[in-house]
Amino acid sequence: MPAACDNTVDDIEDIVAKGTSADDIRHNTGYKHVVPRAKRLTKMDRTKNLQTDSFIPGTQRIYVKTWGCSHNNSDSEYMAGQLAASGYKITDLKEDADLWLLNSCTVKNPAEDHFRNEITKARELSKYLVVAGCVPQGQPRSDYLQGISVIGVQQIDRVVDVVEETLKGHSVRLFGQKKAEGKKTGGASLSLPKVRKNPLIEIIAINTGCLNQCTYCKTKHARGELGSYPIEDIVARAKQSFEEGVVEIWLTSEDLGAYGHDINVTLPQLLWKLVEVIPEGARMRLGMTNPPYILEHLEEMAKILNHPRVYKFLHVPVQSASDSVLMDMKREYSQADFRHVVDFLKQRVPDITIATDLICGFPTETEKDFEETMDLVEEYKFPSLFINQYFPRPGTPAAKMPRIPAQQVKKRTKAVSELFQSYTPYDHKLGEIQNVLVTEVSKDRQYYVGHNECYDQVLVPKDEHLLGKLVEVQITETGKHFLKCALSKNVFRPDVPLPLKQGQVSGVSQIQTSSKTNILVILSFIVLVIAVLVKLQTLLFSGTQALGELK
């Protein structure tokens, strides 16, 4: 019996049944094989450019822009770290970048206006675009955000996925909360790769969201309810940072004092664990805490703020000194509560710096209310005072209240600003001998910037050997926002390794990053060669067809 493949069927149309008439044309085809006829290229076909997909993820340049608080800055550092670890080049040159990653702030109208303007510019320059932060999280249906890829505030660990899809021409939106055992957590893992803006400073977000319902605040819409990181995760991140040459850690969140209420731990418990791992000569700065949640920890907080490795600094926003306005804001404390916090800490932590915030022109603020705020500033003469005009934020209860005339708001803002500028808080420190931890460069690049134990800003003579070191100085000049100094001979290097280089990825070895980058370069070269060969083959084929037509 012959094998099934002994007879070759040239084409399905050539099959002739046994009962078919002898006159059927298929009995007399005169050919053995069916040969497809090549399509003749038209003039348009010959001139059309060949479209090939040569996209290799991890080879593009990314520009990262951040607005807002230190929590936002930490998020941007994490996103930049993941992108850099995947081979992308982080650049400060926006015009040269392939994609812009814009991390927004929703606290005030001007910040959102700048964010919107940057989106417009990116579109004008035909840049790929990904947005993040509190604006898209809090108002995702905004018209100017349509068609743009979005990363939610708790989804920053997915930034590489979103960027890759965006570079392919897709629009991706990732929102949602991180949860563990059904409860909201602090967010993406603290162990993710990071590119620190300043290799000497590590910003650690210890929790996200808050317990308040302030009537003017839009951030609550974005960050949501309180979600705290476990103590062990925060301590592990701090230890890793010091192992990478960091000399100063900042603790940040929407409300430091609320930390742990959701996971049955307290802020002092966390701080005592952190103090244990801070090396000699390094320091920790605490961030912002609202009065209600720090009241219950004042005794322990005073002890912690007196520790030599903790700055004697705390940011406690008052917003208004009027109990009536505070009630309308739903701030959940009184002027007396705020005074108690400040007086208690000033009494037990010598020379402590208390920073605070004011909102001028809240809708229900009367002239009498404003005078109470002026009296508070006059009495305490806060060395650091953040003065803000009230801006109605969309979707907040206060936005529905009748507004005070804009000119009146500006007048009040000007009055409290003039009061703030009328006093100099550092005159009594002239001539003092202080220890200063040097971590930054001044904006005019004429000095290095360090901070003494009270976190006062000290301008230090520019000597490259001083960065990252604890320096003994004598204060020679005082200004409104700074101290100037002369150096002594005592310079101490904190007990940490040398810091990472600018732009180096935290938590990822340089060998890993270099190997990945080399692989991507090789792949890019291979794809380029293939594309060129395909193009040449197409051109040769087109030329052959053209010659055939001439013949």
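Which residue forms a salt bridge with E202? The legends below take up this pair and then other parts of the structure.

View 1. E202 pairs with R196, the closest N and O atoms being 2.6 Å apart, where a salt bridge is a side-chain nitrogen of Lys or Arg within 4 Å of a carboxyl oxygen of Asp or Glu. The model is predicted, so that local features need pLDDT of at least 70 and side-chain atom pairs count only at pLDDT 80 or more, whereas totals for chains, interfaces and linings use all residues. Residues are numbered from 1 along each chain as its sequence is written, and side-chain values use heavy atoms, with hydrogens and water left out. Both E202 and R196 are buried, a term for under 20% relative accessible area, with exposed meaning over 50% and partly exposed in between (1.4 Å probe, protein chains only). A network of salt bridges links E202 and R196 with E77, K194, R237 and E244.

View 2. The side chains of D113 and R116 meet in a salt bridge with an N to O distance of 3.0 Å. Both residues lie in helix α3 (residues 109–124), three residues apart, which is about one turn of the helix; helices (H or I, at least four residues) and strands (E, at least two) are DSSP runs, numbered from the N terminus. R116 counts as partly exposed because its relative accessibility is 30%, and D113 also counts as partly exposed, at 35%.

View 3. R339 and E379 meet through their side chains in a salt bridge (2.9 Å, N to O). R339 lies in helix α12 (residues 335–348) and E379 in helix α13 (residues 367–380), so the pair ties together parts that are 40 residues apart in sequence.

**View 4. L101 and the nonpolar cores.** The largest nonpolar core has 88 residues, and those with the most contacts inside it are L101, M284 and L345; such a core is a set of buried Ala, Val, Leu, Ile, Met, Phe, Trp, Tyr and Cys residues joined through side-chain atoms within 4.5 Å. A second, separate core of 17 residues includes L102, F115, L129 and V135. Leaving aside residues up to four places away in sequence, L101 touches I62, Y63, V64, K65, M79, L83, V130, I151 and V159, a contact being heavy atoms within 4.5 Å.
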